[in-house]
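Dear colleague,

Please find below the structure I would like to hand over to you.

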Amino acid sequence: MKLYDETNSRRGLHMLIILMHIVTVGACVLFLGHIFGSRFSMVGSSMAPQIEDEEVVLINRAVYMIRDPERFDPILFEMESGKRTIKRVVGLPGETVKIVDGVIYVNDAPLALPEYMIPLASTVSSSSGAVTLPGDSYYVLGDNPQFSEDSRNKAVGLITKKQIIGKPWSVILPFKKARFIP
């Protein structure tokens, strides 16, 4: 009678190593899924046509741990009310932003908008006083400003880095409209 069986011991050690690999891979998949695969369902048309009402987008939660938001980045943030929404960064910390007759000025220079943003001139409320952004604040606008509650509105106001959850990077639902977000 053997008290120690080397074959069973090696088999047990081999199974333990396989189990550890499975747990490690599973933990990595869950972590990466949480960081790069967080989902958000858009409500409203403030970001149309880039993100339409009821489309589901994936959010990159890690990007702003590495770097600060840049001009024209779309961001998911949480307002003081607890509501989450997506808007696009127009003004950066330390800059002065004003809107006159539908033209956005950053540090007294007119801002050239990318083609996917609808110009403010076509909106009802297109003028606001100059706002100098504190060191951790961002001025945000919707791509479709006529239907957007954004930094022009006191309910939203300036967005601090602490409020930013992540960067929307892809529309995933509905499948027919899946695409990357500029």
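**Surface, fold and cores**

The accessible surface of the protein comes to about 10800 Å², and carbon and sulfur atoms account for 61% of it. Please note that this is a predicted model.

As to the overall fold, the protein has 2 helices and 12 strands. Read from the N terminus, the order of the elements is α-β-β-α-β-β-β-β-β-β-β-β-β-β. Where contacts join residues at least 6 apart in sequence, 62% of them link residues at least 24 apart.

Turning to the interior, 39% of the 182 residues in the protein are buried. In soluble globular proteins, nonpolar side chains tend to be buried together. Here, the largest nonpolar core consists of 13 residues, and those with the most contacts inside it are V90, V97, I104, L111, M117, Y139 and L141. At least two residues of this core come from each of β5 (96-100), β6 (103-106) and β9 (137-141). Another core, of 12 residues, lies apart from it and includes Y64, L92, V140 and I164.

Which residues does I104 touch, leaving aside those up to four places away in sequence? The partners of I104 are V90, V97, K98, I99, A109, P110, L111, L113, L120 and L141.

With kind regards

Note on methods: Residues are numbered from 1 along each chain as its sequence is written. This is a predicted model: local features need pLDDT of at least 70, side-chain atom pairs count only at pLDDT 80 or more; totals for chains, interfaces and linings use all residues. Side-chain values use heavy atoms; hydrogens and water are left out. A nonpolar core is a set of buried Ala, Val, Leu, Ile, Met, Phe, Trp, Tyr and Cys residues joined through side-chain atoms within 4.5 Å. Buried means under 20% relative accessible area, exposed over 50%, partly exposed in between (1.4 Å probe, protein chains only). Helices (H or I, at least four residues) and strands (E, at least two) are DSSP runs, numbered from the N terminus. Contact means heavy atoms within 4.5 Å. Accessible areas come from the Shrake-Rupley method with a 1.4 Å probe; for residues, only the protein chains shown count as cover.
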